[in-house]
Amino acid sequence: MSSALAVAVKGLKKSYGDFEAVKGIDFEISQGEIFSLLGPNGAGKTTTVEILEGFRKKSSGELEVLGLNPERDRTKLKEHIGIVPQTGALDRYLTVMETVTMYAGYYRNPQSAEHVIELVGLQEKKNERALRLSGGQQRRLEVAIALVGNPDLLFLDEPTTGFDPAARRETWQVIKGLAELGKTILLTTHYMDEAEFLADHIAVIARGEIVAAGTPYNLGGRDKLLPRISLLYPNGVNPPAELKSVITPSGTTAFDVEDITSAIYIITEHARAHNVSLNTLQIVRPSLEDVYLSLIGNDEGQASGNEAPAPRGRRPGRR
Amino acid sequence: MKTINLMLRQAVYVNKAFWRNPASAFFTFAFPIMFLIIFNALLGNHFVRIGDKRAHYSTYYVSAMATFGLISACYTNIAISISYARDEGLLKRISGTPLPKISYIGARVLHALFVAALLVVITALFGRFFYQAELPSGITLLRFIVALVVGAVSFSALGFAITARVRDADASPAVVNASIFPLLFLSGIFIPLGNNAPSWIHWVARVFPVWHFALSMQAGFIGTSYDWTDVLIVAAWGIFGLLASVKYFRWEPAR
């Protein structure tokens, strides 16, 4: 395995009793990239990540994380990775500064707590106790904890699940910023927009298998899918007969075309001739969501049987 | 050396968080004192026979509530707070960092010992000023301190061990209190075990560590004879707790 790879996984399998959670997957993560494992709940994302982090033992397969074996070299590996787990956990009664300083002490070559707090944008809250932070701020504090050991590789497990849109944006900006520092990031998520916004490479995982891999632009042949032109025609005007069209449920006419240039030409000529306004004209590239949903099929429904969509305790607990 | 430094450092943070949590600080400290006041109001002027000694109830309860306070601070507090920390994923997060697990556990025990010692001192001083209770001194004090440290570490180890029987944090107060309160009663902490108590109660008391620990504390406060066997039995339970923890302790929440 090449040393330019942060993570290399080959034929990874994990079974719990008769249940095969991960059915032989392969992927590679280059140093400095954001790699996203995208998939529905119960697809095997967290299991895979926890094997890479050393929390769980694989059933079979080969893996290398930063050139180390997560099972054999776990103690050494811990110095070089940062983990933001799926369920957040913070000491409620410690302040931001105290929390980050405490974790810094666990590592041999930590970054300064002050610096890390600034990186995640919590300098104004640094003397605030964790229980007084908003959900987004708590998540950023967790990112700070994961960063303070100066890791080469960061694991972010569903970092924004349960967030409001503003908190998601905040967290995304922080993650983008980390990538600019040259950190390698493994991000698991079930949000397409998150993977699309953040990731350099995406692997879609469903039922324990990788069903597609690529960049946000070409995943699952997205770059080869036809764009769709849609337009609302007034009553009594038929769409140009030269183009194949369908009427959508909203009443607009949709054309799936291979050559946008000539299609637009035909549509505008026809519109001028029939005095049709082009104000409702839209050209839409297939979204990552369309591709994703077609890739995972109806897995969403099936998967919910394996793993209930657990309510996320964003508050660090109740007592 | 590094492990010990990390442990001491961690204990400082555990301590900080402890005092900022009003519920745990209040219940740990207020309960023994509150019980001491209530029992003394009810029985304070009477005498109780302990072995060959006749003691004022007030002295008896100073000793008993110091025992109760130490068990709350070590067994109950550790079991409940560790159950919560495990449920919330804090323990898992810690186990993903290079901090040696023994440093983390040691820090919790050290902090419990500190709180227990503080509680025993407060209870003793309270008893001294309000109820004229006698306090240990000289060689008795040294033996007393040995019993206290052995007791604190042993009950902490048992506190860690019981978390293996706690499914999730919501169940922890029930499991932990159900496991300790009957034993406190059966060991004469709240009501002294007289000679005419049923023999099964005496047997239960002899088997478990609470009664033996209470006897060592009584030796300090009341001046009854100090028996190293009591200390050894408490230590044996501590070792049992330690071994059970090594085998069954979980760092991750139940799935």
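This is a predicted model: local features need pLDDT of at least 70, side-chain atom pairs count only at pLDDT 80 or more; totals for chains, interfaces and linings use all residues.

Residues are numbered from 1 along each chain as its sequence is written, while chains are lettered from A and ligands numbered from 1 in the order in which they are written.

**Stop 1: domains.** Colour domain 1 of chain A (5–216 + 293–306) and domain 2 (226–284) separately; the bounds come from an automatic or database domain assignment. Their centres, taken over C-alpha atoms, are 44 Å apart.

**Stop 2: a helix pair.** Select α5 (residues 135–147) and α6 (residues 165–180) of chain A, which pack at about 20° with axes 9 Å apart. Axes are lines fitted to C-alpha atoms over the stretch in contact, with angles from 0 to 180 degrees between N-to-C directions. α5(A) and α6(A) are therefore roughly parallel (angles under 35 degrees count as such). Now show side chains: A:Arg139, A:Arg140 and A:Val143 are among the α5(A) residues meeting α6(A), whose partners include A:Glu170 and A:Val174.

**Stop 3: chain B.** Turn to where 21 residues of chain A are in contact with 18 of chain B (C-beta atoms, placed from the backbone, within 7 Å). On chain A's side, α2 (74–78) and α3 (96–104) each supply at least two residues. The largest share, 3 residues, comes from α3(A). Helices here are DSSP runs (H or I, at least four residues), numbered from the N terminus.

Note on methods:
Two residues are in contact if their C-beta atoms, placed from the backbone, lie within 7 Å. Angles under 35 degrees count as roughly parallel, over 145 as roughly antiparallel, 65 to 115 as roughly perpendicular and the rest as oblique.
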